[in-house]
Amino acid sequence: MKVVSSSPHIHGSLRTDRAMLYVLIALLPSALWGVYAFGMRALLVLLVSIASCLVTEYLLERHSGKFTLNDFSATVTGLLIGMNMPSTIPLYIPIIASVFAILVVKWTFGGLGANWMNPALGGRVFVFFSFSSQMSTFVLPRALSVDFVTSATPLSAIKTMVSSGNTGLSNSELLSSVNMPVSSLASGLSSSLGISPYTIDAFVGNIGGCIGEVSALLLLVGGLFLIFKKIITWHIPVTFLGSFAILSWIFGGVPRGLGLFSGEVLYPLFTGGLFLGAFFMATDWVTTPTTKKGEIIFGIGCGFFTFLIRYFGSLPEGVSLAILLMNIVTPTIDRFVRPKRFGFVKEKKEEKA
């Protein structure tokens, strides 16, 4: 008896639970750094987010008759949601984000493998626009020798200064003008490396921001681990970060009246949720193109929209919205860059006599 089933027909030996476990391992260093930088309140936010996702998943699988808790997908979603939250966030907000991510984004469309956007991304965007004030309130990390002072993120501070007419200044000059502190480590390395201390702090993770997005270094390590384990490929992260960097260099100085090819690259690259989004949210298997060419187009699109929102939009950050926009066009990308069918020969049009 022959069995005819729907696609996909290509299978690999890597199981979902093992892949998700690798993602958890890759996220752990930056999550632990967030707990170190922002205190035990950050750990509580992470635990509440994970627990909310697991409880919601359990209740839905009880109703549907499926058992999916053991594939770690809900755990990854909860950890990502917690890492995308400020440590000062009221706990009901990550709970709402987690329920929305699992119930609406994941299960409403059929569960794991059927959702059209990353559940954690959907939950984060939902609460960002629902609770904008709480999602935009941050504290400075302990390494800056301050007692957890509430502050805007560096991106928000720069955006406000540029919008107020402070043109012709570099990021370091803008941050210095608002007395943004730097760590002693960054101050010591700055002169010897010839790099701004703000850039060093952004790379290491000594800046204000969401719990799991502040350390570009540890996110890079986690992303390289996933590439080494072949959980993701380089195509989306490299084209995402690369296109954003190139656009920032070419056009980043325009809003400040500096002209073309005068924009900074490293500091914008290391700040915000760029590394977290490029390695851990834009690379979601389900919501990204299925071909390498499609992944490259997807990554370039993410970089373009992130640049556009950051530099010319009203928001200081645009990673989540950029990935969401590209998730929408993923089916279109797959349609136009799908590989040629095996054995298919394009028919030539008959020549007119």
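Trainee: How many helices and strands does the secondary structure of the protein come to?

Mentor: Please keep in mind that this is a predicted model. Its secondary structure consists of 16 helices and 2 strands.

Trainee: What share of the residues in the protein is buried?

Mentor: A residue is called buried when its relative accessible area is under 20%. Here, 50% of the 353 residues are buried. The protein exposes about 17600 Å², and carbon and sulfur atoms supply 66% of that area.

Trainee: Where does K230 lie?

Mentor: K230 is found in the loop between α11 (216-228) and α12 (235-251). Its phi, near 60°, is also positive in a residue other than glycine. With a relative accessible area of 71%, K230 is exposed.

Trainee: What space lies in the second largest pocket, and which residues are closest to its centre?

Mentor: The second largest pocket holds about 290 Å³ of space. It is lined by 21 residues, and F138, T153, S156, P316 and E317 are the closest to its centre. By class, the lining has 11 nonpolar, 7 polar and 3 charged residues.

Trainee: Which helix supplies the largest share of that lining?

Mentor: The largest share, 3 residues, comes from α7. Both α5 (119-130) and α7 (154-163) supply at least two residues each.

Definitions and conventions. Residues numbered from 1 in each chain as written. Predicted model: local features only at pLDDT ≥ 70, side-chain atom pairs only at ≥ 80, totals over all residues. Heavy atoms only, no water. 1 Å grid on protein atoms, 1.4 Å probe; cavity = no way out; pocket = protein on both sides within 12 Å on 5 of 7 lines; lining within 4 Å. Points joined across faces, edges and corners; volume = space filled by probe spheres on them. Helix = DSSP H or I, 4+ residues; strand = E, 2+ residues; numbered from the N terminus. Nonpolar A, V, L, I, M, F, W, Y, C, P; charged D, E, K, R; others polar. Buried < 20%, exposed > 50% of the residue type's maximum accessible area, 1.4 Å probe, protein only. Areas by Shrake-Rupley, 256 points an atom, 1.4 Å probe, with all protein chains shown as cover.
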